[in-house]
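Dear colleague,

Please find the structure we discussed below. My notes on what was found in it follow directly after.

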Amino acid sequence: MNMNMTFKGILDQVGTWGAQHALPVFFGDESTRNRLANDITGDFIFVDVPGGRQDYNDYAAEAFSITVLIQVLGTSHYETDSSSEIDVLDRTFTVITDIAKKAVCLYESEGAAVVKRQNIYDSPKSGWEITLNLSE
C-alpha cells in the first residue's frame, strides 16, 4: 500500500501502532527524549523525524522521502539484573518488529534495520530502535 505522507499523519500512525500495544508515544529530538525518559516508567515509544529529502529532477526515483526514528524502550536493568534486562529486550523487540512490519506494508521504504539499544539516556532505558527512510 502506498500512502500519501504528511508529518502529522506519520506521527498519528505511530500513535495508532503504540495504542495497539497499549504503549504511550512521545515525540521529540535526542535532548527531549533524554529529558522525558527521566519521568517515564514502564514501556513506551519515542518517535522523531530527524530529516527528509526532496529531489526535483527527472531521475529522482522517489519524489519525497523522510527519515523516521522509532524507539521502543523500557527501564534498563543493564549489568544489574540480566533476567529483567532480557525481559525488557524481549517485550520491546516484539513491539518494534510488529511496527516495522506494519510500516513497510503501509509506506514505501528503502529498508531499515532494527538495532538494540541498552542503558541509554540519563534515566537508563533499554530496548530497540528502527530508522526508516519512507517514501511516497
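In these notes, contact means that heavy atoms lie within 4.5 Å. By that criterion, and leaving aside neighbours within four places in sequence, S126 is in contact with V72, L73, G74, T75, S76, E85, V88, L89, T92, R117, Q118 and N119. Please bear in mind that this is a predicted model.

S126 belongs to strand β6. The residue counts as buried because its relative accessibility is 0%, where the cut-off for burial is under 20%. Its side chain forms a polar contact of 2.9 Å with the side chain of S76.

Overall organisation

The chain contains 3 helices and 6 strands, which follow one another from the N terminus in the order α-β-α-β-β-α-β-β-β. Of its 136 residues, 39% are buried. Among contacts with a separation of 6 or more, 62% are between residues 24 or more positions apart. The chain exposes about 7,300 Å², of which carbon and sulfur atoms supply 51%.

Helix α3 covers residues 82-106. The buried residues of α3 include V88, L89, T92, V95, I96, I99 and A103. In general, an α-helix has 3.6 residues a turn, so residues three or four places apart point the same way.

The nonpolar cores

The largest nonpolar core has 24 residues, and I45 and I70 touch the most other members. Two or more residues each come from α1 (7-20), β2, β3 (64-75), α3 and β6 (125-135). Helix α3 gives the most, with 7 residues. Beyond four places in sequence, I45 touches V14, G18, L23, P24, V25, F26, I70, Q71, V72, V95 and I99. A second, separate core of 7 residues includes F44, F46, L73 and Y121.

Aromatic pairs

There are 6 aromatic pairs in the structure. In one of them, the rings of F26 and F44 have centres 6.3 Å apart and planes at 75°, so the pair is edge-to-face. This pair links distant parts of the chain, with F26 in strand β1 (residues 25-27) and F44 in strand β2, 18 residues apart. F26 counts as partly exposed because its relative accessibility is 25%, whereas F44 is buried at 0%. The pair of F44 and F46 is likewise edge-to-face, because the ring centres are 4.8 Å apart and the planes stand at 65°. Both F44 and F46 are buried. Ring pairs join F26, F44, F46 and Y121 into a cluster.

Two further residues

Q71 sits in strand β3 and is buried, with a relative accessible area of 1%. A polar contact of 3.4 Å connects its side chain to that of R33. Beyond four places in sequence, the residues that Q71 touches include R33, F44, I45, F46, R117, Y121 and W128.

D39 lies in the loop between α2 (30-37) and β2 (44-54). This residue is exposed, with a relative accessible area of 70%. The C-alpha atoms of D39 and S123 are separated by 8.2 Å, although the two residues are 84 residues apart along the chain.

With kind regards

Technical notes: Residues are numbered from 1 along each chain as its sequence is written. This is a predicted model: local features need pLDDT of at least 70, side-chain atom pairs count only at pLDDT 80 or more; totals for chains, interfaces and linings use all residues. Side-chain values use heavy atoms; hydrogens and water are left out. Helices (H or I, at least four residues) and strands (E, at least two) are DSSP runs, numbered from the N terminus. Buried means under 20% relative accessible area, exposed over 50%, partly exposed in between (1.4 Å probe, protein chains only). Accessible areas come from the Shrake-Rupley method with a 1.4 Å probe; for residues, only the protein chains shown count as cover. The expected span of a helix is 1.5 Å times one less than its number of residues. A nonpolar core is a set of buried Ala, Val, Leu, Ile, Met, Phe, Trp, Tyr and Cys residues joined through side-chain atoms within 4.5 Å. A polar contact is a pair of N or O atoms within 3.5 Å; within protein, one must be able to donate a hydrogen and the other to accept it, and residues adjacent in sequence count only if both atoms are side-chain atoms. Rings of Phe, Tyr and Trp (its six-membered ring) pair if their centres lie within 6.5 Å; planes under 30 degrees apart count as stacked, over 60 as edge-to-face and the rest as tilted.
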